[in-house]
Amino acid sequence: MESKFKSGFISIIGRPNVGKSTFLNRVIGQKIAIMSDKPQTTRNKVQGVLTQDTSQMIFIDTPGMHKPKHKLGDFMMKVAKNTMKEVDVIMFMVNATEPIGSGDKMIMELLEGNQTPVFLVINKIDEVHPDELFGIIDSYKNEYKFAEIVPISALQGNNIDRLLSTIESYLPEGPQYYPADQVTDHPERFIISELIREKVLHVTREEIPHSIAVVIEQIRKEEGKELINVSATIVVERDSQKGIVIGKRGALLKDIGTKARQDIEMLLGSKVFLELWVKVQKDWRNKSNQLRDYGFRD
Ligand code: GDP
Ligand code: MG
Ligand code: K
């Protein structure tokens, strides 16, 4: 039997400087760490999306997990704990060249009792002798029961493929949430999708339940022209909803497009060509709880 497409969310946690950004940049294949300079538009930032033939992995940041415990408010603790429940895999990254620190212990304490599989990812193995690795592994094993332990070098690329295929084996069957060419979640994308979603809800009134999502497929500036091309897909759950959103002879979709385009032009300060598609995705709602926390809303 043909195996089904898998998708899921992976939270990367660990002390500063263990190599989280280096890992993401290597996996996603381009510099995306600049994301951390931007203001947070959502609680949990999508840091990178890796789309392969058989799966899509969405790496997210868990705010509050990188700070020492005494600075964490109850709220941040709750956020961190909830996030860890909602993801499919937690990657706890540590530095092979340093002994377990209080920051590491704090994180493992927070993880205690969690049902989500936790991977211990020991990074920077290029800097230690292979024989030392056993001692390092044992020291962490004494502290926590990890689902998997994977030594890597994010810098040199050692064992990254194995880590990715092991993560994939833990992911549930699921849809491709992001277009294959999208590697990160620009704040602009999020705002634009919200503007379109707002117009859909406005124009369709009560007929469309709030279980729709808007996926931005592309934002592209026309070379040499003052024009930005935006294409987006409105995801609905049922064929009947698709009909409602499109309207008689496409009238409603046109209205949505005109209103959204005006707002997007204001946002981007440029002329915009907006292309809208409507797609039915039946299993959309099952995942909507999880997705709400990643910038989508139902
Ligand atoms: P983050 O704070 O966890 O995001 O850590 P960074 O990705 O910014 O990395 C911190 C430092 O560790 C940088 O100087 C990286 O070049 C270095 N680094 C990251 N991964 C490795 C690795 O696998 N081996 C070695 N030797 N250095 C690494
Ligand atoms: Mg970093
Ligand atoms: K970071």
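The following paragraphs lead through the predicted model of one protein chain with its ligand, from the overall architecture to individual residues.

Residues are numbered from 1 along each chain as its sequence is written, while chains are lettered from A and ligands numbered from 1 in the order in which they are written. Since the model is predicted, local features need a pLDDT of at least 70 and side-chain atom pairs count only at pLDDT 80 or more, whereas totals for chains, interfaces and linings use all residues.

The protein chain contains nine helices and nine strands; both are DSSP runs numbered from the N terminus, helices being H or I with at least four residues and strands E with at least two. Of its 298 residues, 35% are buried. Here a residue is buried if 20 or more other C-beta atoms lie within 10 Å of its own, exposed if 12 or fewer do, and partly exposed in between, with C-beta atoms placed from the backbone. Among the contacts in the protein chain with a separation of 6 or more, 71% are made by residues 24 or more positions apart; two residues are in contact if their C-beta atoms, placed from the backbone, lie within 7 Å.

The protein chain averages a pLDDT of 81, and 77% of the residues score at least 70. The highest mean, 98, belongs to strand β5 (residues 118-123), and the lowest, 45, to helix α9 (residues 288-292). Two stretches call for caution. Over residues 31-44 the pLDDT is below 50, and this stretch has 30 contacts in the model beyond near neighbours in sequence. The pLDDT is also below 50 over residues 288-298, where 22 such contacts occur. The model as a whole scores ipTM 0.97 and pTM 0.64.

The ligand is surrounded by 15 residues, the closest being Gly19, Lys20, Ser21, Thr22 and Leu155; a residue is near a molecule if its C-beta atom, placed from the backbone, lies within 6 Å of it. This shell comprises four nonpolar, seven polar and four charged residues, where Ala, Val, Leu, Ile, Met, Phe, Trp, Tyr, Cys and Pro count as nonpolar, Asp, Glu, Lys and Arg as charged, and the others, Gly among them, as polar. Helix α1 gives the most to the shell, with three residues. In α1 (residues 20-28), the buried residues are Lys20, Ser21, Phe23 and Leu24. Seen down the axis of α1, they fall within an arc of 160 degrees and therefore line one face of the helix; the arc is that of the directions from the helix axis to the C-beta atoms.

Strand β5 comes next. Six of its six residues are buried, so β5 is largely enclosed by the rest of the structure. In a regular strand the side chains alternate between the two faces of the sheet. In β5, Val118, Leu120 and Ile122 point one way and Phe119, Val121 and Asn123 the other way. Strand β4 (residues 89-95) runs parallel to β5 and is joined to it by six bridges, at least two DSSP bridges being required for two strands to pair. Within this arrangement, Asn95 stands opposite Asn123.

Helix α3 (residues 102-111) has Asp104, Ile107 and Leu111 as buried residues. Seen down the axis of α3, these fall within an arc of 65 degrees, so they line one face of the helix. The face turned away from the buried side carries the exposed residues Ser102 and Glu109. Just after α3, Gly113 takes a positive phi of about 85 degrees.

The loop between β5 and α4 (130-141) holds Ile125 and also Lys124. Lys124 has a positive phi of about 70 degrees although it is not a glycine, and it counts as buried because it has 22 C-beta neighbours inside 10 Å. Ile125 is likewise buried, with 22 other C-beta atoms within 10 Å. Not counting residues up to four places away in sequence, Ile125 touches Ala96, Leu133, Pro151, Ile152, Ser153 and Asn158.

Another loop, between α6 (187-204) and β7 (213-221), contains Ile212. Ile212 is buried, with 24 other C-beta atoms within 10 Å. Its C-alpha atom is separated by 5.0 Å from that of Val236, 24 residues apart along the chain. Beyond neighbours within four places in sequence, Ile212 is in contact with Arg197, Val200, Ile234, Val235 and Val236.

Note on methods. pLDDT = per-residue confidence, 0-100.
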